[in-house]
Amino acid sequence: MTGTGWLLVALLAVPLLGALGLVVLPRVLRPVLRAYGLVLSGVTLALAALLVVMFDYGRPASPQFELDVPWIPGLGLRLHLGIDGISLPLVALTALLTFLCFGYLSWGRARAGEFLSARPRALVFTLLVLEVGMIGTFLALDLLLFFVFFEIVLVPMYFLIGIWGGEGRRAASIKFILYTLLGSVVMLLGLLLVWAQTGTLDIEALAAAHGSGMARSVQILAFVAIGIGLAVKTPMWPLHTWLPDAHTEAPTTGSVLLAGVLLKMGTYGFARIAIPVLPEGALAVAPWLGAFAVVGIVYGALACLAQRDLKRMIAYSSVGHMGFVLLGFATLTPTGINGALFANVAHGLITGLLFFLAGAIKDRYHTVDMTALGGGLLATLPRLGSVLTFAAIASLGLPGLAGFWGEMLALLGAFQPADGLPRGLFLTYMVIGGLGAVLTAAYFLVMLSRVTHGRPPPLPAERLTATVAHRDVRTYELLAWTPLVALILLFGLWPGLLLALTTPAVHTLLGALP
Amino acid sequence: MSQQIDYFAIAPPLALAVTAALVLLLDAFLPHRPRTRTALGLVTLAGVLVSLGFVVAQATAGRTLGTFCVPPALAGTGGPAPCTYVVDGFTLVLAGLVLASAVVIVLMSMAELAGGGIPAGEWHFLLLCTLVGAVTLPASRDLVMLVVALELVSLPVFALTALKRYDGRASEAAVKLFVVSVVSTAVMLFGVSLLYGMTGTVHLSGLAAQAQAVAGTPVVTVGVVLVVAGFGFKIAAVPFHAWAADVYQGAPVPVAALLSVVSKASGFAGLILVLATALPGQAGTWGPVVAILSALTMTAGNLLALRQRSAVRLLAWSSVAQSGYVLAPLAVTGTIGAREAVGASVAYLVIYAAMNLGAFAVVLLVARTAGRNELDDYRGLAFRGPAAGIALAFCLVCLAGLPPGLAGLFAKVFVFRAIVEGGLGWLALVMAVNTVIGLYYYALWAARLFTPAAARTPVAFRAAPALWPAMGLAVAVAIVFSLAPQLVLDLTGL
């Protein structure tokens, strides 16, 4: 263990102890509940920022701030944490989004008196536990530890949807948990298969071995099993059907974290475990993965065109965006995987922002049905309308904004896939994926034309509450959204910032491939 | 020539037996007042704790004790003399498991008896008798002792089940349990007699040596299968599982907990002794049988649990399913060796005991306010009684095998590892599917705890002072096992 391992432990301990504090001292903390969550997530964010500053950018390919202590010697399970160029942006993203969610809740809703009034203590507790799970997943360097964190996330998310969700929350939450659990068990089997074959659970050691010691058939089997578990979470078409319901019913913070972080856990698993540990399996399954990915892209776009519910549309757009990420992974080239990782972070920022906006619209109009909203948002609420336009354009991949680079690189990777993959097939994928990108642009523009443009309809008085006209973007919303807007611009204009981090790590993880 | 008896070795069952006699006497001579009930409970608890103290002392002594041995003059040449009563690592783990569970069950009994209607003296006497059997059984190293100890575990439970007098369900449950148990004993005795007839010895060590010579003969095979079937009844393995739900539901809740943990642990102890200690050479015969039994048991238990509306019935079927998981590693004894296979089974059993007892303690708590004890009575429990609600949620999550209930997850991982190493991939797959089915009903129940109750007026819990320590103990152990599962592995690393 290097001397800086405490930083990662602190990153997990702060929200965890905060959550425990809520259980132990409920009375003391009740009056300061609003500040409590904000401060704790703020401290976590500060720690993450410290991590970003202290990270040794000279060697982003190797895990840093490592902590490695035995936990269950009988199983060979170790508490092995570390962070490298792949996980650093995701950890920072998680800490940022959680903090923004807390800020959104505690500043905004307290005035509205709606959200934090319903079991506020439980809500803060749930979000803190969720943060522990999400950060832990990105830090874990032990297969079983990864699995434990991966699963811990489910429980708070289930309650987040099931208690604070919309009208169909019960069905949505049960669907969510059953789907993801089913995937998780299959993934656990795959992980155990890897363990039984190699005798180690250490991701670093397994990745360095590049799959030696496992027969090709075993690798394929393990890749499929682990891949299914990750694909449910990602989600990959056709395992995505839990996503629209969960997103639609979840409260705003739930949607933001679900889209911004939870989906990333699935794709992160591909980069961290499935591809480096099982290279031969990856090579064999990649064409299938690519096929599902492009179907997802096109399917997601077509489904979006058919949606009337704004939240549902954003949810389906996630399926399409994740399709690009998976296509990038499927190419098994540095370009493609870099693109995938970039698109991952970009999607977290952009879709997080989109769900914040959808939540804001729902607050004002009490509906997110696009026909009911009418149009002319730019006229009635000009600032909200412009931020929505910005986010939608970023999401459709306008060059100069974050959404563009990842998808462009993923398609570029498909143009020249890794040796051993059928190039013709991947060229087809590229063409279909490109078509999907056009469709993506189409549905976002259709959405904009329906919601933001046009003449504002003469709304019935009860829908547009008397003060709504004055309630354009409010301060707390601005505070929550500005960092996201800034980062979308930053990564869009300077993609090298992120790519410099991931490129060496990607080269290492692809080491064994021809 | 008189037998030398090592009283230190038999101290744990002896302490229990003495306490049982004491309880009976006290019950006869003390006035019948509510305070007497509490006093009897405390005496019982003290007896269990003393017995547990002896087990701990034996464990710290750290050597294998044996008593009731065949005198060297008769044992013939070669090898140590076979003993009837042996205290080794396996014995200590299971005796400790039984006695620690007994502490929780005695506390639960005190809560149950506080209501009156059940004679306290008889109850505690019968409970202690069962425990004597359960502590003796893992130490038994000959077939006769094994059968006697197993009967000592079973017989008092019939009476305990029926002790709620003038209750139709309880009587029905007692009769069902009695009939099933007697049939299983008969089947097992027949198997035992066949084994004895073929090998000429009742000592397990002798059987292990002799059985090699007669391996593969049809009579031995039939004997082995019959013995497995006999134990199958006790642990409610398919196809001998049908009694579980009715009996659990009819019996008082502490008895159901006793059946699901102590009685089951005894059944497994006997099964492990017969299969892994006495007949390791026959693993080729019984391995596949156990594998199939295990797969059927977990599947049937989980499928039946899916449609249950009563909490106790659900726990009954879930415990059947859990039996299947405990059985699974035994199926690969032949390939990975007895030590590891038995270790995985016992580790699962230990963790299962903690989480299941925690669940039963909360069920007893709810049973005091909601007579029918259906799953819908648990709606909003987390808000009415946060401690109870969260404890039950944790236990259910553990039973499902999900984080944050890491104890259950690691228990499943131990078993998975054993089966995968043993090369029974199909069984691992069956178990994975079953884990998912299990998740469904555990998750639904846990979710009910957090959904606001329907318009029904929330009833305040009547305080049951003994119940809180029972619940606290079980849940605390489950939490400790979650954080440091290595403890269990150290215990069971036989």
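Colleague: What makes the stretch around B:Phe68 a strand?

Modeller: Strand S1 of chain B runs over residues 65-69, and B:Phe68 lies in it. A strand here is a DSSP run of E with at least two residues, a helix is a run of H or I with at least four, and both are numbered from the N terminus. This is a predicted model in which local features need pLDDT of at least 70 and side-chain atom pairs count only at pLDDT 80 or more, while totals for chains, interfaces and linings use all residues. Residues are numbered from 1 along each chain as its sequence is written, chains are lettered from A and ligands numbered from 1 in the order written, and side-chain values use heavy atoms, leaving out hydrogens and water.

Colleague: Why is B:Phe68 called partly exposed?

Modeller: Buried means under 20% relative accessible area, exposed over 50%, and partly exposed in between (1.4 Å probe, protein chains only). B:Phe68 has 29%, so partly exposed is the label. By contrast, A:Phe65 comes out at 6% and therefore counts as buried.

Colleague: What is the phi of B:Phe68, then?

Modeller: B:Phe68 has a positive phi of about 55°, although it is not a glycine. A:Phe65, in strand S1 of chain A, also has a positive phi, near 55°. Most residues other than glycine have a negative phi, and most peptide bonds are trans.

Colleague: Which peptide bonds are cis, and what are their omega values?

Modeller: One goes from A:Thr234 to A:Pro235, with omega near -15°. Another joins A:Trp237 and A:Pro238, where omega is about 5°. A:Pro235 lies in the loop between H10 and helix H11 (242-249) of chain A, and that loop between H10 and H11 also holds A:Pro238.

Colleague: What makes A:Asp68 and A:Arg78 a salt bridge?

Modeller: The rule wants a side-chain nitrogen of Lys or Arg within 4 Å of a carboxyl oxygen of Asp or Glu. For A:Asp68 and A:Arg78 the N to O value is 2.8 Å, and the pair counts.

Colleague: How many salt bridges cross between chain A and chain B?

Modeller: Zero by the rule. There is one residue pair in polar contact between the chains, both at pLDDT 80 or more. (A polar contact is a pair of N or O atoms within 3.5 Å; within protein, one must be able to donate a hydrogen and the other to accept it, and residues adjacent in sequence count only if both atoms are side-chain atoms.)

Colleague: What is the area buried between the two chains?

Modeller: About 2500 Å², of which carbon and sulfur atoms give 85%. Buried area is the accessible area (1.4 Å probe) that two parts lose on being put together, summed over both. In residue terms, 27 of chain A are in contact (heavy atoms within 4.5 Å) with 29 of chain B.

Colleague: Why is B:Thr333 called buried?

Modeller: B:Thr333 has a relative accessible area of 7%, so it is under the 20% cut-off. B:Thr333 is in helix H14 (residues 333-336) of chain B, and a polar atom of its side chain lies 2.4 Å from the backbone oxygen of B:Leu330. Leaving aside neighbours within four places in sequence, B:Thr333 is in contact with B:Trp286, B:Ala338 and B:Ala341.

Colleague: And what makes A:Ala225 buried?

Modeller: A:Ala225 stands at 13% relative accessibility, so buried again. A:Ala225 is in helix H10 (residues 216-233) of chain A. Not counting residues up to four places away in sequence, A:Ala225 touches A:Val186, A:Met187 and A:Gly190.
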